[in-house]
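Here are my notes on the model, point by point. Please read them with the structure open.

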Amino acid sequence: MPLPKAELHLHIEGTLEPELAFALAARNGVQLPYADTEELRKAYLFDDLQSFLDLYYGLMAVLRTEADFEELAEAYLTRAAAQGVRHAEIFFDPQAHAARGVEMGTVVTGLTRALARSEERHGISTRLIMCFLRDQSAASAMETLEAARPYLDHITGVGLDSAEVGNPASKFTEVYAAAAELGLRKVAHAGEEGDPSYVWEALDLLGVERIDHGLRSLEDPELVRRLVADRVPLTLCPLSNVRLRAIDVLEEHPLPRMMDAGLLCTVNSDDPAYFGGYVDDTFHAVHEALGLGQERLRELARNSFLASFLDGSAAEEELRARYLAEVEAYSFD
Ligand code: HPA
Ligand code: ZN
């Protein structure tokens, strides 16, 4: 039985496995530029974030209908349950779908169908986080926020993803202020390829509650002091960092040093269909490559629930307490 955990950095479009991509392509009459799943998998050799994003946005062409999004989320939840996930806060990229004429309602309604039965079917509580594409304009992000208004009951927060360098958080200050007005929680990718200034901006200009990645935070001791003092969680994705060449090999990942520095670290899978593993695979990988022992792994699992957006109501606090108790009671043998 895997260690119980929350997954806080997971792009639902990044769970699109080659087999499902080809099945949806056939169903929707979409021609993919790959002969078969094997040829597609062979293309998963990335030089950096952008080379991944090009393929990732391209493959989304197969996602068209509510049923497609429902099936995508159902497939993820089935895999996540087998990986010990008890709670999942799931990103989606509405602008990437709007570009093909797929509307917000199609995406949210489809995903929500699978999420609504997730506790019962998979034992996983869920949240949806809508990401803005930072390489698109602030006006486009604002339109996306407007388009989401009818669906806000299903959306917990907003995030910021896609190409980081050259697209700092400052571009989205107004959009995040508007999102906060609507009662949405705030996270942002920062410090994945970008330097620590990107993390500072996400904190100071957007007022985010968590940093997605924050990989390069140790480069700035003042930033580390701030993140530690405010207990800002980092949603690290070690397998992603290796595949996108942010680091050379997993053995060089700063996770152990970040934990030693007192940062509230979590470990997540990012885009598991592309990066060679789901979240428990990632826990195993950091155990093997970085020598993180059982108590360090337990700390990461505990942090994942502490950093989750499960809070507020008595019922949610009770759920979080139950998950935390499961982590403490877990036996690695
Ligand atoms: N970084 C930025 N944007 C993304 C990623 C990522 O790792 N995955 C999907 N969109
Ligand atoms: Zn990500």
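**Notes on the predicted model**

1. Start at Asp-212. Setting aside neighbours within four places in sequence, Asp-212 is in contact (heavy atoms within 4.5 Å) with Leu-8, His-9, Phe-91, Val-187, Ala-188, His-189, Ala-190 and Thr-235. This is a predicted model: local features need pLDDT of at least 70, side-chain atom pairs count only at pLDDT 80 or more, and totals for chains, interfaces and linings use all residues. Residues are numbered from 1 along each chain as its sequence is written, chains are lettered from A and ligands numbered from 1 in the order written, and side-chain values use heavy atoms, with hydrogens and water left out.

2. Asp-212 sits in strand β6 (residues 210-213). A salt bridge needs a side-chain nitrogen of Lys or Arg within 4 Å of a carboxyl oxygen of Asp or Glu. The Asp-212 side chain does make a polar contact of 2.6 Å with the side chain of Thr-235. For a polar contact, a pair of N or O atoms lies within 3.5 Å; within protein, one must be able to donate a hydrogen and the other to accept it, and residues adjacent in sequence count only if both atoms are side-chain atoms.

3. Now ligand 1. Residues around ligand 1 (a heavy atom within 4 Å) include His-11, Tyr-56, His-189 and His-213. A backbone N or O atom of Ser-162 lies 2.8 Å from a nitrogen atom of the ligand. A polar side-chain atom of Asp-270 is 2.8 Å from an oxygen atom of ligand 1. For Asp-271, a polar side-chain atom is 2.7 Å from a nitrogen atom of ligand 1. The protein covers 100% of the 260 Å² of accessible area (Shrake-Rupley, 1.4 Å probe) that ligand 1 has on its own.

4. How many salt bridges does the structure hold? There are 27. One joins the side chains of Asp-68 and Arg-27 (2.6 Å, N to O). Asp-68 lies in helix α4 (residues 66-82) and Arg-27 in helix α1 (residues 18-28), so the pair ties together parts 41 residues apart in sequence. Helices are DSSP runs of H or I, at least four residues; strands are runs of E, at least two. Asp-68 is buried, at 0% relative accessible area.

5. Salt bridges link Glu-66, Glu-70, Glu-74, Arg-113, Arg-117 and Arg-121.

Terms used
Buried < 20%, exposed > 50% of the residue type's maximum accessible area, 1.4 Å probe, protein only.
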